[in-house]
Structures are given as structure tokens and as C-alpha cells.
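Biologist: Please take a close look at a single part of this model, the place where two of its chains meet. I would like one connected account.

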Amino acid sequence: MTPENSQGDVRNLVTLDGDAIRKATSGMDLAQRIEGRLAYATDQRHLSGLLYGAILRSACAHALITRVDISRALAMPGVHAVIKADDVPGLNRFGIVIRDQPVFCDERVRYEGDAIAAVAADTPEQARDALNAIDVDYQPLPVVSDATLAEQQPALHDSRETHGGSNLLARETLERGDLDDAFSRCAVIVEHHYQTPRQMHAFMETEGGVAIPDGKGGVLFRAGCQSGHRDAEQLADILGVAREQVTVESTATGGAFGGKDELTVQPAAGLLALKTGRPVMIHLDRFESCRTGMKRHPVAVKMTTGCDAGGRMLAHKAEAILDTGAYASLGPAVLENYLDHATAPLYRIEAYRVSGRLVYTNNGVCGAFRGFGGNQATFAVESQLDELARGLGIEPATLRRINLRSPGDAGSRNQTVRWTAPPACVLAAALDSPLWSRPDTDTGRWMTGTGMAMGAQGNGLGDGLPDSGGGRISLSPAGRICVEFGISDYGQNIVESIIRFVCKGVGCRETDVEVVLGRSRGPDSGPTSASRSTVLVHGVLASILPRWMDAVRGHAARVSGHPVKGLEFGPGGMFFDGQQVLSYGELAGSANLDEMAASASQNFPVAPDSGQPVGRYLQLQIATVARVAVDRLTGRVRVTDLHHVTAAGRVIYPPGYLGQIEGAAVMGQGMALTEDMTTHDGCYQADNLDQYLIPTFHDAPVQRVDVLDDTPEDDPYPVRGVGELGIEAVAPAITAAIEVATGVRVRRLPVDPGDLLVEMAAQEQNL
Amino acid sequence: MEPVNNEVTERQAVRVMRPESPRQAVSFAKRFRAPYMAGGTWLQPSCERSRQWPAQLVALNPDWPEFRGIQETEAGLSIGALTTLDELASHPLTELYLPQLNGLIKRVAGPGVRHLGTVGGNLLAGGDLSALALALDTDVTVVGGKGSNRQPLVRWLQDRPAGDLLRSVTVPDCRGWGVSLEKLGYRERFSPTRATVACVHDGYQVQLAVCGEGRPGRLMVTEAMLRDEGIRELTDLEIVVDSELETLGWHDPRLRLAVRRMLESGLMEVTRDA
Amino acid sequence: MSDHYQVPETPAQENISFELNGAAVIRSVPGAGTLLDILRESGQITSARAGCRVGRCGACQVLLDGRAVPSCLVMAWQLPGHHVETVEGLNKDPDFLSVRDALASESALQCGYCTPGFAVSLVAGIRQRRQGSTVDLTESVAGNLCRCTGYGGLRRAIDQLSGPGCPDETDDRGVSLSEKQ
């Protein structure tokens, strides 16, 4: 095993720095986005005959609806259509895992964002005015607001969909070994409760898009979304039309992070478009987005962890409750991923039992959010390790070193996993961080401290779920190398990564490549989530590029008269003997384009030997070192520095890799320090960005991202998707640093400065 | 500010009245019970949130004499109510009289909002400037139904006839005073206020004021104790401060603890060279 | 005795004339409507966007008389006599081009929704520093939110724009930001 604290032995460690960034961006055309010329979902105002839609939301968190009267609204100026539940021709339900969410509620509303009706009008203001003229009679029902009590309260959903007609949507337990026996042999046992918040995605562009009827009963959707193909299937069922009649083109989107995984405005817009025969745009304003949109599952967990006198972890137990809100969305998958991470995948533990219950409440709706249950679990697990170390009187790093898995080990669920570097090397590199040697002063206003945590993240949907995707490469009539995938662009630099990969593999230049994403009539690449896009794209391109290049070379030889052997791809066209002999445009104009196209589809990599795959095969690691400063007078916490050591395969596009880690880390910092959409009786207490506070420029720390890459040259899966990795360990790293600075360990996020101050004051008394 | 008028409407239907003079403005405001609009940085978010707009707004004109700008007068520094927060921060007289104000204003709203938001608007919304204004015994000059008058800010905030228009605020000549100003927010910048604390020492006595999640106010009891008995054991001071804050509507004991500590620190800062 | 003034007819919809990107424009709009809505209505301006409508995110940032302001908080009635600049009108301005190139080279954006707003704030900051302000360029973006990038690329771009040879021609060197305060 690689010895620690010795920089020379930690091989292949590279810091992503400014030079690497600037070199990679030099060929990319980013001017369009910077100058505001890229059309987002809600920029499509030029459509002729465009109407504006608005959705009526529930006034109650939980109620029966006894009457919905749209007659007054229909008579209002500018109104072209008003629709409600009985206007849904097909299935009045949607949802990725369970279709339990109504397009329009007919009998019952279960959260204050539930949709009841929708209006299409000439202007957005007229649509809003008409909403005010829709009369709804509510009979309020008791609100299920406490997730820990939800199972004892009347069920929010039909008993067919839940466990025995209660609010328990799903429960799951993962176990291994003899837990009681293992606990009996522990020298130190620590037990604590941890709580993580209902975080909001707060993408800068809110939900929105356009539905355009095609005049033949079908609809084209252009909206901000994450899975065009999957959405098209659901929309066809809602509209009551054949699948081929629905087309989705996912537009460039101003951020998603999981919050646009489910359908948002598309059902209402599509129904209004069919009803009026006109294109309809719906764009939620921020108030409505806060109230109705997806959130992260808040989790309350009790963890009990024990080790022997030598620091070996023997026993680990977790009991978690996840509040999924009013509808299932991806809750069951989040539960699974939570538990997967709760088994402490990086560490060897002799026996464990981690169980979780996913419950319905009237507290909004929770679904996919970067990290997907994993980072909530890692917060608790890493905090437990620090407590164990303290109980044993050893350094937190030492406890980790004793228990970290080795590269050849199976994963925590006995599954085959594939790392890109030994966990011990990741730890060693993190311990070498210059942040540890910053001076900590005891006097002065700010109390500083450095702490760290580790985390793992898998790529892919996992657990043997169908997980495949395809792509296509061709030469366009205009002479561009056209690459098509079904994933969406919501700003994750996937376009640049694809361009970079193609340029490297083909030898062309950036401007020769055109990337087309998110068309439901194009290749189906599966959902843009679960950090799966990069792996999938890389795998598909690796498979089709060679034969595509052969086909193109063949045609180029015929057209140019040069022998195939000497023809090479280059910037702008085909080269022979160092000279360009044919531009891509000329080649496109004079040859059969169909023969210069190649497609492929692949299954997302899963462990080769297993029958039923468990967890995820491709694994990534991160160690985050955090430095904080805590205000002695007020308990306010600032994160001044974050240093991440990542083991996530090869870097294709350095700015993309760096940006994903940095962005995810600041999102995790928000979750740790200021972000929580709290509810009171099912009603959100914040409804805009003046009340829900995300980190500003001045809150963001200085960050350093190191890449530790031991991937062999011939590894079949050299790249990983780093979209979620950066959020994994940042919260426990921050609370570890706060403990070093103040002596107080926070177990409830976001850190409440008032509570922290009270603890700090108590510590002062004890001195 | 809730529309005092019973009539509410939506944004497109609001009628923006443009009075030609301050007295005309006051007349319109009183007759139609319409709120004033200066920068609108407080009014607009409030109305966007509730989706209720007043049927009329009375637009204020920063070109009216004495409504905008900063000048030295016999009574002290006069600051027009329609002076923007950015103008206040960057004015040379601010640097001369209240150099600490710059550091505070940087943490009030964001730079864009500071180009629109005004001193008067901030004070009337109980914003961050309130604490300093109260601690300095600021006077206000108000245009009312019967003409203009000058009175202490603290009195005007308590008993403000509807429709009276704030023209300017006057702070005493505080050059050389010890002034400690601090805002506690939730994040580094652009944050709602948890508490803003102002400690002022004019060479003779200390004046303390707070604003934020509790009501804005002067800590007169604490001041009296300091004046009469000097700085005593911090624990005695803490009890007095804590109960005075609670009386002012600061119900969160953990926030009171933070405010106490900020006050202690501010006190030490302004009395250090006294 | 109260004054009795003649109350002028104040319609809700008014003709508002102002200068936009160097051209005189006149619009018939609600007097209390926002500058943001005026800009977006025409379909010509796409760089200013709605992110929150309460002036808290900076996605709608424009220059009003050279100062960066959230256009969702500027009302139509305030516009006559003033001039508005958006990125569409700044895209040949040398300060904007420096900003654009710095943002691009440091990959200071991902989805790009907030980026024009940042660019406007930075242009205003550079101009102020050229006029003698000693305020750090980072202060100019204190009111712009970004959710994708974690502000890393923006920090590097601002370092570039504040370093020697930078557009505002001051001698300030970009101080390592973690050593501040």
C-alpha cells in the first residue's frame, strides 16, 4: 500500500490550474452564451400565434376539492382556454418511478404546489388574471407535516401504491454479518442523530418551455428538461396520443441539477396547445418555482457505529427517515442510493444494518437533486468516523487509514467495483494539503480550523436498472461533424467535453464539430442524471468513431482521388501529405451523407461477473479538506478554502471537470450553512431568493482541485462522470473544520449560527 | 409598506402620479392614501410577493431641492432622503463625518440595488441605516399637510401621520466621534439583516442602537446604566441589555446573545481611546 | 387647510421614451411596469433575464446611466431622460470585450444564464475603477448569483481583469483572494 505523507509516492497527482483551463477553452466558442445570444427555453417568443399559459396552484397543503368552477375565467379578456382535470384526455398522472402525481388534481390536493387548472391567454398578465377568476372550494384536511409521525397518520395515497395503505412509500434494509455480535466486541460505540435539509436547486433559469401543436393531433415540446425521450413517453400518455406524435427537443437550459428531471410545465402547456391549436409558453416565476418545484429529500437518521480497540470498524447501524413530500417522484431511488452510501462504501466494516423508510407528507415534493441521497448519508457516516476517532483518542485520518478499502476489494455490498486510484492514496494526498499548515490563532475575532472528509460516488443508475444509451455521428450537409446524443444540455459543459473528445479522436478542430443534444427524434441516451452522461458518451464515441472515420476516409479517397492510406483528418478537412485536399464542406457536398454516419447504443457499464448487479460498478472518490473561520462573537461560519483530491478517471475537458467539482462543492456548502426550505404545516417559509439564501461570490471559498489518476492506458472505462462528486464530502469536511475551530460538532444542517454560538459560549464557560 | 388605500390592483394597472412639488406630493398621498415611491427597492419585492399593488403611487422627484445630496449645515450633516445608498457611500462628506459607514453600506443589499435604493426608503423600512441613525440622535425634516417641520427621527418613527413626506435627515457634527457599526447577516454579502448594531461615543457618553429581526431602537436603559455607573462587570450589563432587547421585540435568545456580544465589542472599540 | 391641487389624468398605460443602446425608443407601457419587461417584450433583448423579479439575483442586470442596476426594479416612469445599455449594445465596447474574453478563457460559465448579468456588472466596475474608484472589482459582482460554477472561474476571470495591464489601467495587483480580510 502506498505510504502516506510522502508526495513523491502519490503518483499522477495533478492540480487543475489556470493554464490547463485557458489552454482548453482557447478553441471553444463561448461568446454566444456570454453575450446572451443563446436561446433558452423561455426565449422562444417569436413563434407566431404564441399564447401564454399559467397554472393554478392549490391554496392548501392538504384538502379535498369539492368544486372547480372555470366559468368566470373563460369569459375573461384574452383567454383562449381554461382546462382542468376532466380535460385531460389520457392519463391524469405522471412520475418517473410511480405515476402518482396528477396533472390537474380532481379530488384532492396534497401540497401547496399541486396544479388544479391552467389558462392560455394572449398575455401572461391576462393568464394570471384568469387564474384569479377560477373558483375552488377546499375542504381542508389535517396536514401531515412531521415525517417521523407520517406513518401513523391517514394515508395520502391509494393503498394500492403504498405499503398497507399508510404513508410509507418504501422501506429498504441492507445488511451483512452478525450485527449484535459485532457490537458486543466493540471497544468504542458512538450513536448520534443527524439531520440534513430540504434544499432547493435554485437553478438560475426557472422551469419553462413551449408546446407547439403540429396540426395533426401531435405536439412538439421545447422545454428545459433532462430526459427528452422519457418525457415524450409520459406526455404521450397524458395527451392520449401515440408516442410518435410527441416530440421533445430539450432546449439549452439555465441549470437543472435534478430539478428538471420530472415533467414540470410540459403537461399543462401541451394540453393547452392541443385545446387552442396554438403554441403555448409557460414560464414559472421564481415564487411559483420555489413553491411547486422539486426539493432535496430531508433525512433524519440515527447512526450507531462501533470499532475495536485497534480502530477497526466492526459494527454500523443506521435508521433513516426520508420525507418525500406529496408524490413519489424519484424517492425510491433516492432511498436506495442513500442506503448504499450509508453502508460507508469506502471503508471495511464487518457487520452493518442500514435501513430507511421513505414517507409521504404534505411538505412539498422531493426528488432528484445532485448527490441523490448519497451526500446526505456521507455527512452522517463521515461525522460518525470522526466521533469514533475521538472516542478512541486517535486522529480522524488514522481511523480512516485503518479502515479504507483497497483497490482489489469488493464494494461494501459485496459487489465488484472499479476504482481509478487506491483510496489510501486519495487520503494521503489530502493529508498533504497546504491547508493543514495554515496557522490557527486563538485570539482575534475569527476562530479558524481545518478539517476533512471523504466520499465515494458511483456512476449510472445502478442496481441493474435498465441503463443504456446511444449516439450518432455524421457529416452534415453544411460540412460539420455532427454528433448527436439524447442527453440534455443544462450547462454542465457536456458540449465542450464532446467537442474535445471528438477533436482528440478525429484530429479536427473545435469549429468543425456540431453537437446536437436532447432531441427525442434523435438517439435515445437515457436520462441526463446519475453522472452517467460522460461515461456513456465516451463509450459510444469510442465505439463508433473508428468505423465512422474509415467510412469517411473511403469516401474522401473516392472524391479526392488520393489513396485511402495517406488521407488524414485535420482541421477543416481531409489532409494528404500535410496539405488539405478536401474541406469537410466539399466532402459533404459530393458524397453520400447516409454512408458517412454511424450510430451505436450501449449498456452502461455494470460489473461483468454478477447476475443481478448491486449498487454501481464505476466508482469515484473525493477527499475534501475544508478551512473555516467562525466569528467568535456571533457564531457565523465562513468557508475560506476548499481543497479537493479527486480520483475520477481521466480528465477530458479540464474546465468542465474543474467547474463541476467547484460548482457542486459550493452547492454543498449552501446545504451546510444557509439553505433549507423549511415548512410549517406544509407551507414553505421562503418563496424567493431574498429569503432562501444561496452562496454569493463572496461566500465562495478559494478552491483547489487535484486529480489523482491511476487509470491504466488500456482501461476500458477511463473516464467517469464528475457531475455529483464535488458535493459528496464538503458538508462533513466543513463540520469537521468547525469542530477544530470551536470544539463544537454540528450534526444538523444547515448549521444554525445561533445554536453554534450558544454551544461556543458554553465552551467558553468551561475553560 | 402595505398599500394604505383599500384598493389593490395589479402592477399594470397602477397609476403613477407625478406631483410637481413636494407639497403637491403630500396632497396626493393624503388624498388618495397612496404610498410614495422613491427607489422602489423595498416596495416592489413586497408587492411582487403579495401580488397586490396600490391603485396609485406617488412618484418622488430627486431634483426637488434638499431631497437629494449631502451638505454641511449648522445643525450638522444634512442628507437628502432621496440620496441613493451608493451616493451616500461614495460621498466625500461621508468619508469625513462617518468613515465607518462605507464598510456597513457595502453589506447593505447589493451594488445594483444600492444605485436605486434611497436613504429615506431604508430608514422607513427599518433597514440597516436605522441603527446608526438612532444612535446619532438623527433629526428628520418632514413635509406634512401644514408645511415642513423638523423633529427627532425616533419620535417620527413612532408617530408618523400618513402621507407625511421625509425630505432629509440631519446627523449632528460627529467628526472625530467614536463610531462602531456592524451588520450581522446570514451570508457575506447581499443578506437580510439578522442584526445591525451601532455604538457611538461623542466624547461624553455612549449611545447604542440596534435594528434587524427585532424592532429598531435605542438602548436607553443600557446607556443610562453605563452613564451613571461606568462600565461594570459584563454580566450585569448583559442582563440589562438582554431584557432591553427583549422589550424591543427581539424574541430569539440566541440572536440576543449575538447582539450582546457585538455590543460589547462595539463598546470596547468606541471607548478605547475615550 | 389642505392644498387643493388639480389632479392630472394619470393613465396606467403611458408613452415612455428613453435611450436604449444609443437609440431613442418610445414604448407604450404601464407606468409601473419594469424595465426588464420593456426590454424583453420586443424580443430583441435576450441578455437581460428574469431570475427572481425582486432584484436579488442579477440576471436582469443592465446599465442605467452607466451604473449597473437590476432592471426588474427599475420602473418605466423613471426612464425618461435616462439611457439604458444592455449587452446587445455593449458588444463592441472594448471593456466588454475584455470582460468577455476573460470570462471565456477562464471558463467562468456553465449554463450561461447569469453570465450577461455578471458581464454588465464587471463593465461597470472597470469603468468606475478607471475613474479613480479604489473599490475592488470583486465588489461589483456582489449582487450577481451563479448556481452552476461555484464562482471559481469568475474569480479567475476577475483576477485577470484586475491584474497588471488590466483594462482599468490601475497599478492594483490582484491580491490572492483567500488572504483578504
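**The interface of chain A and chain C**

Modeller: In this predicted model, the count between chain A and chain C is 5 salt bridges. Glu662(A) and Arg156(C) form a salt bridge in which the closest N and O atoms are 3.1 Å apart. Polar contacts across the interface of chain A and chain C come to 22 residue pairs, with both residues at pLDDT 80 or more.

On the side of chain A that touches chain C, at least two residues each are supplied by α1 (18–25), α2 (31–34), α8 (286–292), β30 (637–647), α16 (654–673) and β33 (702–708) of chain A. The largest share comes from α16(A), with 8 residues. By residue class, this side of chain A divides into 26 nonpolar, 20 polar and 14 charged residues.

Next, the extent of the interface. In contact are 60 residues of chain A and 49 residues of chain C. The size of an interface is often given as the accessible area lost when the parts come together. For chain A and chain C, the area buried between them is about 4,400 Å², and 57% of it is on carbon and sulfur atoms. Within chain A, the residues that lose the most area to chain C are Ile34(A), Met204(A) and Phe697(A); together they account for 20% of what that side buries.

Key
Residues numbered from 1 in each chain as written. Chains lettered and ligands numbered in written order. Predicted model: local features only at pLDDT ≥ 70, side-chain atom pairs only at ≥ 80, totals over all residues. Heavy atoms only, no water. Contact = heavy atoms within 4.5 Å. Buried area = accessible area lost by both parts, 1.4 Å probe. Salt bridge = Lys/Arg side-chain N within 4 Å of Asp/Glu carboxyl O. Polar contact = N/O pair within 3.5 Å; in protein donor to acceptor, adjacent residues only side chain to side chain. Helix = DSSP H or I, 4+ residues; strand = E, 2+ residues; numbered from the N terminus. Nonpolar A, V, L, I, M, F, W, Y, C, P; charged D, E, K, R; others polar.
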